[in-house]
Amino acid sequence: MTSLLRRGALFLLVAVIVVSSLFPFFWMLVTSIKPDSELFTRTPRFIVTSPTAERYTHLLDGNIPTQFRNSLIVAVATTVLTGLIALLAGYALARYRLRTRHILTVVILVTQLLPQTILVIPLFTLFRNAGMLNTFQGLTLSHLALTVGLCTFMLRSFVVEIPYELEEAALVDGASRMRAVWSVVFPLAWPGLAASSVYAFITSWNELMFSATYMQRPEIETLPVALQQYFSSYYTDWGGVMAASVVFTIPVVIFFLVVQKRLMQGMASGAMKG
């Protein structure tokens, strides 16, 4: 009986957590398909009596597809470059006995504590002089400043846990250092790469300040910048905001579903080591 009650309490707790987590997404979706007559009511309505897809049609007819593509290009490029740079940097900090490696690790972490606003003007000046304003390359490089530091620290922790003897065996068999990293370290560091990729993708996908500052033409705007058009000093189009937010959320959900297997493998591996 005690075991049954315990299972029931655990199930109830999990149900509350799941409902609490999913309710904002449910409310966002419901609000996006409500007509204006049901949107502004004294009491919230969870069931839509007259659903409409007009807002989604309006999104597809506007600039949202182009802005969606722009955000996807920048987020994917940022994720790939972050994974490559962070893996190599994390490997160097974990394997090479540098005198300054502890100082470098601290410096990398300190850079993550700097407010994003501090970087806006220096990077703007740099990109202007290099002719990289209003380019995806410039925006991607600015996003790397937000992602590489933490991801390097994350991947360093994963590389430290990989036995060095595996690399030595590959080196004895005639593999080069880079070949050993690619064949031995890279497959074993997949859970760390998955976790860092999720962080890099979400950070780049949601970033607004750099995107609004460095991308000054409508045809190269990203989605976070596009969402600002629904807000004004006198009126907020909440239905449009929710519809755009649904579109905005889809790539993040898909990306997480793609890498969740690797994330679960990393969690299971960590649990067994513990």
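**Entry 1. Pocket lining**

I sorted the residues that line the largest pocket of this predicted model and found 15 nonpolar, 3 polar and 2 charged. The lining holds 20 residues, and I noted Gly-83, Leu-84, Phe-186, Trp-190 and Leu-193 as those nearest the centre of the pocket. Helix 4 supplies the largest share, with 7 residues. For the volume of the pocket I recorded about 490 Å³.

**Entry 2. Helix 10**

I turned next to helix 10, which runs over residues 190–206 and has 17 residues. From its first C-alpha to its last, helix 10 reaches 24 Å, close to the 24 Å expected at 1.5 Å a residue. I listed the buried residues of helix 10, among them Leu-193, Val-198, Phe-201 and Trp-205.

**Entry 3. Aromatic pairs**

I counted 14 aromatic pairs in the structure. I examined the pair of Trp-205 and Phe-248 and asked why it is classed as tilted. The ring centres lie 5.6 Å apart and the planes stand at 45 degrees, so the pair counts as tilted. This pair links distant parts of the chain, with Trp-205 in helix 10 and Phe-248 in helix 13, 43 residues apart. I checked both residues for burial and found Trp-205 buried, and Phe-248 also. Ring pairs also join Phe-68, Phe-201, Trp-205, Phe-248 and Phe-255 into a cluster.

**Entry 4. Annotated regions**

I consulted the UniProt record, an unreviewed entry, which places the annotation "domain: ABC transmembrane type-1" on residues 68–259. Over residues 68–259 I noted 78% helix and 0% strand, with the end C-alpha atoms 21 Å apart. Under "transmembrane region", the unreviewed UniProt entry lists several spans, including residues 106–127 and 238–259. For residues 106–127 I recorded 82% helix and 0% strand, and 27 Å between the end C-alpha atoms. For residues 238–259 I recorded 100% helix and 0% strand, and 32 Å between the end C-alpha atoms.

**Entry 5. Pro-51**

Finally, I located Pro-51 in the loop between helix 2 (36–39) and helix 3 (54–61). Is Pro-51 buried or exposed? Its relative accessible area is 56%, and Pro-51 is therefore exposed, the cut-off being over 50%. I also took the C-alpha to C-alpha distance from Pro-51 to Gln-67, which is 26 Å in space for a separation of 16 residues in sequence.

Terms used
Residues are numbered from 1 along each chain as its sequence is written. This is a predicted model: local features need pLDDT of at least 70, side-chain atom pairs count only at pLDDT 80 or more; totals for chains, interfaces and linings use all residues. Side-chain values use heavy atoms; hydrogens and water are left out. Helices (H or I, at least four residues) and strands (E, at least two) are DSSP runs, numbered from the N terminus. The expected span of a helix is 1.5 Å times one less than its number of residues. Buried means under 20% relative accessible area, exposed over 50%, partly exposed in between (1.4 Å probe, protein chains only). UniProt positions are given in the numbering used here, feature names are shortened, and annotations may be inferred rather than shown by experiment. On a 1 Å grid over the protein atoms alone, a cavity is a set of points where a 1.4 Å probe fits but cannot get out, and a pocket is an open set with protein on both sides within 12 Å along at least five of seven lines; lining residues have an atom within 4 Å of a point. Grid points are joined across faces, edges and corners, and a volume is the space filled by probe spheres set on the points. Ala, Val, Leu, Ile, Met, Phe, Trp, Tyr, Cys and Pro count as nonpolar, Asp, Glu, Lys and Arg as charged, and the others, Gly among them, as polar. Rings of Phe, Tyr and Trp (its six-membered ring) pair if their centres lie within 6.5 Å; planes under 30 degrees apart count as stacked, over 60 as edge-to-face and the rest as tilted.
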